[in-house]
Amino acid sequence: MTASSSTVLKASGLTKSFGGFMATNDVSFEVHAGDALAIIGPNGAGKSTLFDLLTGRKTPDTGTVELFGEPVTHLPPWQRVKRGIGRSFQVSSVFRSYTALENVQMGLMVSSSQSWNLLGRAANTRRDEALAVLDKVGLAPKHDMLAGELSYGDQRTLELAVALSTQPRLLLLDEPTAGMGGEESRECLSLIRNIAAKEHLPIVFVEHDMDIVFSFASRVIVLVAGQVLIDDQPSVVRSDERVKEAYFGEDI
Ligand code: ADP
Ligand code: MG
């Protein structure tokens, strides 16, 4: 196997401006098989914008995104999902008036281009598969609850299930633990890491809790003012003087 054959995603020179303000500035990095890559940085550093460029919600001004060696820079999100990007967003995006099971059924159908009638509720479509996905994240017992009635933590977990239902070959998770308490966040990341390990899924995640980042990441990228400050192993990042200054203060 050559080094490049393990490259899952390659971002090259990604720049995105909003009215002259550069949210990301010449961002380049690679994701390889087996990576659990954390992207960290202060609020406004450009993390969500970078995720949007990777998932296709936004198009870069310059730069390219390759997925498994194929350019996807200008493909819409659903085509990237079909090519193996599973994602979840910083703000919860489950369909609250549909059951947990239906949310996963929709994810399954999107990835296989089946159409879903939002009003019709094709109740039995791929039900067993959807239940199996819910089981992976521990939500099978709550499959009949409306997503909006689930606890906040369960809603975030449901989002993970929806991301998994699209049969991803790479998971991109923008603050999967946003709004959770410390212990709940740790359990959520632990679940994600276990599933990723079992299914050989590389993951890229944004997380604010540094203890969690340094216990779950195999690699860390620090973004500051839209630029990559450092891309290295957690222990190296943790002891880097520039990172301490730019981001952590003196307290790590
Ligand atoms: P992070 O996720 O690291 O907190 P974001 O990517 O959300 O950062 O934002 C980076 C910067 O880009 C912020 O200053 C934000 O205000 C700005 N920004 C993000 N999206 C837009 C937009 N659609 N229009 C204008 N400015 C934006
Ligand atoms: Mg963000």
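Q: Why are α3 and α4 roughly perpendicular to each other?
A: This is a predicted model, with local features needing pLDDT of at least 70 and side-chain atom pairs pLDDT 80 or more, while totals for chains, interfaces and linings use all residues. Residues count from 1 along each chain, chains are lettered from A and ligands numbered from 1 as written, and side-chain values use heavy atoms, without hydrogens or water. The axes (lines fitted to C-alpha atoms over the stretch in contact) of α3 and α4, residues 127-136, come within 9 Å. α3 and α4 are perpendicular because 65 to 115 degrees counts as such, and their crossing angle is roughly 110°.

Q: Which residues in α4 meet α3?
A: Contact means heavy atoms within 4.5 Å. From α3 come Ala100, Leu101, Val104, Gln105 and Leu108. Their partners in α4 are Arg127, Glu129, Ala130, Leu131, Val133 and Leu134.

Q: At what angle do α3 and α5 cross?
A: Helix α3 spans residues 100-111 and helix α5 residues 152-165, and their axes come within 8 Å. The pair is roughly parallel (under 35 degrees), with a crossing of roughly 25°.

Q: Which residues in α5 meet α3?
A: On the α3 side are Ala100, Asn103, Val104, Gly107, Leu108 and Ser111. On the α5 side are Leu158, Ala161, Val162 and Ser165.

Q: How far is an oxygen atom of ligand 1 from an N or O atom in the side chain of Lys47?
A: Residues around ligand 1 (a heavy atom within 4 Å) include Phe18, Phe21, Pro42 and Lys47. Ligand 1 oxygen lies 3.2 Å from a polar backbone atom of Ala45 and 2.9 Å from one of Ser48. For the Lys47 side chain, the distance is 2.8 Å.

Technical notes:
Axes are lines fitted to C-alpha atoms, for helices over the stretch in contact, and angles run from 0 to 180 degrees between N-to-C directions. Helices (H or I, at least four residues) and strands (E, at least two) are DSSP runs, numbered from the N terminus. Angles under 35 degrees count as roughly parallel, over 145 as roughly antiparallel, 65 to 115 as roughly perpendicular and the rest as oblique. A polar contact is a pair of N or O atoms within 3.5 Å; within protein, one must be able to donate a hydrogen and the other to accept it, and residues adjacent in sequence count only if both atoms are side-chain atoms.
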